[in-house]
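Let's take a friendly walk through this structure together, one piece at a time. Have the picture ready as you read.

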Amino acid sequence: MKPRRLGAWLVIVFGVLYFFVPLLGTFEFSLRLLRGVYSVAAYRIVLADPRFAATVTYSTVLALATIVMGVALVVPTAYWIQLRLPRMRPVVEFITLLPLVIPAIVLVFGYLRIYNSSSALPLTGSARTTDLLLMFSYVTLALPYMYRAVDNGLRAIDVRTLTEAAQSLGAGWSTILLRVILPNVRVAVLSGAFLTFAIVIGEFTMASLLDRPAFGPYLQLIGANRAYEPAALSIISFAITWACMGLIQIFTRGVPGQVAGAH
Amino acid sequence: MNFLEIENLQKRFALTTAVAHVQLEVTRGEFVSLLGPSGCGKTTTLRIIAGFESPSSGAIRLDGVDITHRPPHQRNVGMVFQSYALFPNMTVAENVGFGLKVAKKPAADIKQRVEEMLNLIKLPALGNRYPYQLSGGQQQRVALARALAIRPQVLLLDEPLSALDAKIRVSLRLEIRSIQRELGITTIYVTHDQEEALSLSDRIVVMSEGRVEQIGSPFEIYNFPRTSFVASFVGTLNVLRGRVADPARGAIVIDDQEIVASRGLEHARVGDAYSVAIRPEIVSLSWARLSGSVCASRTTPSRWTRSITRGSYCRSGGRR
Ligand SMILES: Nc1ncnc2c1ncn2[C@@H]1O[C@H](COP(=O)(O)OP(=O)(O)OP(=O)(O)O)[C@@H](O)[C@H]1O
Ligand SMILES: [Mg+2]
């Protein structure tokens, strides 16, 4: 074997170990609830807990709402930037990166100051409006991933010429966006959507500080009070995330002439 | 009456004037080419007609209606792009039917019109294919069908054949022309390929640096160029410098040889410096001195140093 090949293999082996050893450890630990035998008892307990189903459902609904809102916000914006304001792109990219730089805790305290129950827009006044606020804050959190995915997808097609072709055939803006642009960046939008899902499903800080019954705070609660169940929960959330990634692969494959945005 | 009128069109960008004082009247069913070198404003002119750019000044009238400020999707103008621009997510049939669907035509009508169009471009069996499953030439034919399906008042083509290889270029351009004749659709065709323009057009508009240099039939443009730019851009010329010997007869002396122009030289005086441009295909080499006809060779043989074959004639370089 050539030395360079060997080096590459070493890197791969190191990467795999780095990633899988803690995961395997967690998995092994999650099976040891009953003394002396491996069992799925911890999983049974977790899945039987009504709060598990409730929080997973809540977070899933919230994730779907976040995806819809995020797509509705990002696709037209990225499209317009590419079509008409290419010089604005660095500015917009910088803005979409901000949520990665500003800690979630800072964001959520900002929200609480602006939208508290004695403010002009008291979103935290009721549970429903707090859900709304949480959804918008998730849109912000997922923005870097969603924007990048959609922007890459748009770069892979000739946005300007396709737009003009549709215009000359009599299509207005909404028709162009829904029938021409969106279907052609479907894969990119999907991968952005799955990343959003993965972020929202496990998010803790915002849900906790806004006091909403999401999966993240439930995970933390169990983690603080039990021994084996949190390990089982970690594995379950990994499985959910991986299922998302697998779905990206399935949707990406076999779609002609399309390039996924983020991988 | 003129069907499409382009009146004193101007388009300035930050640094350049892309189109300057373009004036053009096109009659119904006419095939007009915009011909000129890269950057002369052909595409910009076409895009203004399509409504993708708004002119700095001037007006566009279509069938007597001023459409200068109408948005592109309300103009009923068909456009064919160099890059085909088929919608990758739609089948051939969906592409061709797109404009009709947008116009909310009944499904049965759309189906029938799509079939009609696919027959017109001689691809009746490919309705269910996706664009990526077609060759470049097939894609461009589908793009043509898509543009024609909405029964546009004017068809605009921007270098539709530039991305194709030479053989298909020639066959497809003949096909475009025969479809255009069949439908009698008013057509503006942008190209930088003079052969394309000369062989297809009813009239050619030669442009340079945003201005119209000459408008005329291919015959006029080729044989009676009005400016030196047109003369040098269209076809190949041998330019010889000489002096006027007899203005009335059109006689010019070049290196002791007399050349007689087909027409007399107005406003010329004996001894004026004149350039004579001669198309290569009318030159024949001869040892004899022929009185009264053009003879471009000297009596002493020159030494040929290079020779490039270009289809119908031979380009040769001599050194004396
Ligand atoms: N959007 C734009 N902004 C600034 N300048 C432009 C723009 N579009 C075109 N131009 C300029 O206008 C001039 C004419 O461009 P145009 O595209 O019409 O040329 P063309 O004749 O189609 O050339 P080609 O044969 O290369 O396609 C060029 O100098 C070009 O740089
Ligand atoms: Mg051009």
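Predicted model: local features only at pLDDT ≥ 70, side-chain atom pairs only at ≥ 80, totals over all residues.

In chain B, strand β3 (residues 31–35) runs alongside β8(B), and the two pair in the parallel sense over 5 bridges.

Is β8(B) mostly covered or mostly open? Strand β8 (residues 186–191) of chain B is mostly covered, with 6 of its 6 residues buried. Both of its faces are covered. On one side you will find B:Thr186, B:Ile188 and B:Val190, and on the other B:Thr187, B:Tyr189 and B:Thr191, all of them buried.

Now step back to chain B as a whole. It has 8 helices and 16 strands, and buried residues make up 47% of its 320 residues. The accessible surface of chain B comes to about 16500 Å², and 50% of that belongs to carbon and sulfur atoms.

Finally, turn to chain A. Helix α3 (residues 50–83) of chain A packs against helix α7 (residues 159–168) of chain A at an angle of about 100 degrees, with their axes 9 Å apart. Because of that angle, α3(A) is roughly perpendicular to α7(A). Where they meet, α3(A) brings A:Tyr79, A:Gln82 and A:Leu83, while α7(A) brings A:Val159, A:Arg160 and A:Thr163. The residues of this contact divide into 3 nonpolar, 2 polar and 1 charged.

Technical notes. Residues numbered from 1 in each chain as written. Chains lettered and ligands numbered in written order. Heavy atoms only, no water. Helix = DSSP H or I, 4+ residues; strand = E, 2+ residues; numbered from the N terminus. Buried < 20%, exposed > 50% of the residue type's maximum accessible area, 1.4 Å probe, protein only. Areas by Shrake-Rupley, 256 points an atom, 1.4 Å probe, with all protein chains shown as cover. Axes fitted to C-alpha atoms, helices over the stretch in contact; angles between N-to-C directions. Parallel < 35°, antiparallel > 145°, perpendicular 65-115°, else oblique. Contact = heavy atoms within 4.5 Å. Nonpolar A, V, L, I, M, F, W, Y, C, P; charged D, E, K, R; others polar. Pairing = 2+ DSSP bridges.
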